[in-house]
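User: Hi! Could you walk me through the structure I'm about to paste?
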2 protein chains.
Amino acid sequence: MTDMEAGADRREVLVGAAATAALLASGGFGLAAEDVASVLKAIAAQHAASVKRLQDWIAFPSIAAEGRNTQEGAKYMAELAKDAGFQHVEVVPTSGVPGVFATLDAGAPITLGLYFMYDVKQFDLKEWSSPPLEGKLVPKPGFGTILVGRGATNQKGPEATFLAALHAMRAVGRKLPVNLVLVAEGEEEIGSPHFAEIVHRPDILAAMKKTVGVFMPSQSQGPTGSVEITLGAKGIIELELVSTGKRWGRGPTQDIHSSLKAAVDSPAWHLVEALQTLVSPDGNKVMVDGWYENVLPLTQHQKDLIAATARANPEADMMKQFHLSHWIDDLPYEQAMERLASQPTINIEGLVAGYTGPGGKTILPARAVAKLDCRLVPNQTRAEATAKLKTYLQKKGFGDLEVNVTGGYDPTETDENSTIIQAEVATYKALGHPPTMIPRGAGSWPGVVFTGPPLNLPAGHFGMGFGTGAHAPDEFLVVESTNPAIFGMDESTLAYVRFLHRVAGRSA
Amino acid sequence: MTDMEAGADRREVLVGAAATAALLASGGFGLAAEDVASVLKAIAAQHAASVKRLQDWIAFPSIAAEGRNTQEGAKYMAELAKDAGFQHVEVVPTSGVPGVFATLDAGAPITLGLYFMYDVKQFDLKEWSSPPLEGKLVPKPGFGTILVGRGATNQKGPEATFLAALHAMRAVGRKLPVNLVLVAEGEEEIGSPHFAEIVHRPDILAAMKKTVGVFMPSQSQGPTGSVEITLGAKGIIELELVSTGKRWGRGPTQDIHSSLKAAVDSPAWHLVEALQTLVSPDGNKVMVDGWYENVLPLTQHQKDLIAATARANPEADMMKQFHLSHWIDDLPYEQAMERLASQPTINIEGLVAGYTGPGGKTILPARAVAKLDCRLVPNQTRAEATAKLKTYLQKKGFGDLEVNVTGGYDPTETDENSTIIQAEVATYKALGHPPTMIPRGAGSWPGVVFTGPPLNLPAGHFGMGFGTGAHAPDEFLVVESTNPAIFGMDESTLAYVRFLHRVAGRSA
């Protein structure tokens with residue numbers, strides 16, 4: 001607590017001068033400079049409470065892959081929404097993990113959709129330099145004070161920052177400029193297998209239809225402060241490919257002594273042989289028949305967007321961030337970024353067979369598993385790609401392998417001229433951070449539930465601030481920035497307030 | 001304790017009638033029928049102590065792969081030797097895990113070499129129906145009372161049974177008919193990387209040179225009671241093949257988000273591609289250049305031995321034991337057994353990359369590992385095969401992969417006309433179990449340390465009794481047999497006594 005209160009006192013000193021100036025400037029979004037100043041004051045006053053709200057949430061992880069805190073996480077999410085001023089809040093059961101539906105009626109003519117995930121990625125305690133559930137505040141040279149914890153940037157950090165904006169508006173006695181409809185899920189990290197069940201419930205669908213679009217809070221700044229808008233995202237299929245002696249009808253049905261290999265087939269070799277048919281010898285091109293037939297090439301405009309983004313993000317920074325010395329196929333940077341946006345993939349997330357401990361163990365395993373994720377681009381679909389994968393395995397003689405799809409969805413795209421995206425652009429510009437745009441992110445989110453039928457809404461991400469380490473150890477977000485180009489949590493909170501006003505102003 | 005003492009009281013009832021008759025018959029090995037009876041009585045009297053000695057040993061596992069009880073295991077082994085009557089006993093340091101050297105001078109003209117391993121294979125507690133370190137006595141239909149525990153058959157069970165023979169001889173006040181030289185190691189299960197250091201110490205080598213050959217206590221009976229002599233064993237190389245972004249110079253040097261696959265190479269795919277070059281598409285033939293060039297084909301005599309062994313072991317029993325429905329390449333049984341004896345292999349013991357927990361995790365791993373074991377046949381050598389593997393990987397474009405050899409040795413062979421083997425045959429016959437012979441076992445043991453230069457001694461395994469589950473859960477040995485064809489622990493103890501006399505008689 002002391003650290004956090006001290007942090008609040010240091011606010012005026014720490015916030016970057018350029019950021020402060022941008023924050024205080026009136027954007028003409030129906031928020032006068034004096035209003036901005038009072039909201040910023042409220043945000044500073046509640047800083048410790050906002051950080052603690054995030055730390056408490058981080059301390060209570062929901063992890064669908066592990067069945068951890070799934071019911072409880074939904075309740076927690078519902079409480080957070082209620083506390084932030086949503087009048088109607090309910091936990092929504094699904095055939096998997098429950099979600100949350102909440103509405104905040106501000107009496108405004110415009111309604112904005114909001115997408116939250118309350119689950120986080122798994123973590124391995126021993127890989128972290130600071131405990132992943134403690135959300136410790138630690139100094140980080142070049143950035144300021146960061147909060148380290150699972151979900152710090154993906155996605156509890158930005159979501160808690162947005163909630164802080166709602167609390168601040170209440171603290172200064174102002175109504176929101178837009179109504180809100182929130183849908184939240186607890187299975188984003190396993191491919192959102194039941195999210196459509198939530199959104200497609202008739203009353204929720206009706207509420208969503210009234211929105212001008214949907215956004216997810218996010219930290220859109222890069223390490224140098226540059227802001228990037230992604231106009232879509234790849235789709236994904238997460239699956240396990242499982243080779244067993246039992247299904248194969250060859251090799252052992254239980255692990256046996258490895259000396260028997262000379263007389264016995266191996267399900268592990270069978271998996272290796274199946275895997276290698278899926279990609280080119282360099283591991284980079286998918287060999288599944290018809291995989292690319294629905295892949296749309298990038299338009300010249302999309303390529304231009306990518307080139308502009310590449311110029312704004314130095315190659316050396318990107319390579320450092322990704323722990324790389326070469327791009328795929330030895331491509332030059334810009335082409336690598338085009339490939340990143342445009343190409344579907346099959347990636348190995350994990351391999352598990354037989355003995356996995358230290359040293360060796362002379363067994364011939366009866367079971368071998370590859371954990372794969374396939375990234376899809378327009379106009380591929382999950383159903384199409386899954387069917388093609390199965391057909392191809394069959395054709396290549398690996399029809400016995402189990403293809404256990406655990407989650408996934410189609411790619412998503414949003415028009416850059418839509419209300420949401422234009423409000424994002426205007427807000428970022430007003431904050432002194434004119435954004436670059438990329439046609440789509442290489443990562444995935446279930447935006448297609450909004451952008452696809454029956455809703456056909458624009459959907460994207462918005463938010464200032466910087467964080468990194470999603471899915472990795474030492475995930476963090478910058479809470480108090482000493483870097484003039486990077487927004488801390490409080491400045492990012494105000495950015496959400498301004499974004500809401502921009503959405504209202506633009507649409508009014 | 002109660003269970004074991006009750007067990008001792010039941011001896012006369014439980015022991016198979018046929019086995020008893022065979023045990024009591026004089027084999028003309030310098031052991032009169034009345035001596036046999038008194039030794040058998042001593043064995044029965046010490047039954048509870050013998051079982052407890054084995055249980056205590058099992059409760060104290062040495063596992064080199066895990067660095068578990070390595071120093072302590074050697075001391076324990078030394079104490080066991082001292083208690084059994086070895087006059088000179090010492091722990092022998094190596095550059096790895098220490099071994100034990102012990103001699104028992106009985107004033108006999110003949111000296112026999114003895115090889116023990118005091119280490120055991122790793123185990124996974126949750127896979128066992130009875131705790132692997134408790135050595136519980138449980139009934140097993142068709143066999144009698146079995147002892148379940150790690151090492152029960154591989155190799156503490158047979159070794160403890162042999163030690164019981166030495167205790168019994170002392171109990172009846174008789175000197176052994178042969179002198180003994182014992183060498184023991186604690187790294188058998190990781191490929192005996194330092195065993196030659198023990199045997200080649202000048203004084204130990206000198207002691208070994210005086211022996212007529214070396215044997216390891218073993219349970220040579222199959223589940224139907226048939227006895228098999230193996231005249232040799234394959235060699236082995238245990239190794240890890242490791243693909244990393246760091247060594248490759250491509251792909252990430254730390255795990256990164258899996259969405260980046262479209263722009264980044266994958267060390268896991270690199271490993272899969274390297275692996276699949278090692279074997280034919282069915283996973284069964286080694287493709288490494290020159291792998292087979294020193295492989296000796298089986299002689300007609302060797303094939304005849306295999307055929308006789310196959311006839312003695314019904315195919316259905318073998319398939320059941322190995323959890324199989326088809327032999328490799330759909331070979332008929334006898335040919336599968338020929339392939340088992342004659343062909344070298346590369347087997348996948350384990351695969352480990354990236355995320356290995358439940359469900360998925362969207363990462364692109366920076367490191368992927370295959371744990372392999374290569375089985376070698378005469379005249380392949382470990383050095384030759386290792387070099388060929390490395391050269392081949394280099395040629396195929398995978399020279400960056402680490403080849404971490406953790407252990408291994410050359411194949412071993414012993415002449416069937418040697419003293420040891422002939423004594424084995426004669427003893428088994430005298431016990432009513434004329435043996436079959438196979439030219440070599442598919443499994444491996446470091447016999448080449450004895451059969452190769454500079455010792456060039458015959459070396460093999462001897463012992464009655466049945467056990468199974470080596471390297472697997474629920475490993476057991478039959479302690480008290482209700483099956484007339486199978487020797488229990490006490491009958492097997494007397495079989496060692498008779499074997500020692502046969503070695504002395506034959507050579508005297």
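This is a predicted model: local features need pLDDT of at least 70, side-chain atom pairs count only at pLDDT 80 or more; totals for chains, interfaces and linings use all residues.
Analyst: Happy to! Residues are numbered from 1 along each chain as its sequence is written, chains are lettered from A in the order in which they are written, and side-chain values use heavy atoms, with hydrogens and water left out.

User: How many salt bridges does the rule find across the interface of chain A and chain B?
Analyst: There are 2. A:Arg250 and B:Asp330 form a salt bridge through their side chains, at 3.1 Å from N to O.

User: And how many residues are in contact?
Analyst: 76 residues of chain A contact 76 of chain B, counting heavy atoms within 4.5 Å.

User: Which residues of chain A lose the most area to chain B?
Analyst: Those are A:Trp269, A:His323 and A:Leu351, together 11% of what that side buries. Between them the chains bury about 6900 Å², 56% of it on carbon and sulfur atoms; that is accessible area (1.4 Å probe) lost on being put together, summed over both parts.

User: New topic: what does A:Leu351 stand opposite?
Analyst: B:Ala353, in strand E11 of chain B. E11(A) and E11(B), residues 345-354 in chain B, run antiparallel and are joined by 5 bridges. Strands here are DSSP runs of at least two residues, numbered from the N terminus, and two strands pair if DSSP finds at least two bridges between them.

Key
Buried area is the accessible area (1.4 Å probe) that two parts lose on being put together, summed over both. A salt bridge is a side-chain nitrogen of Lys or Arg within 4 Å of a carboxyl oxygen of Asp or Glu. Helices (H or I, at least four residues) and strands (E, at least two) are DSSP runs, numbered from the N terminus.
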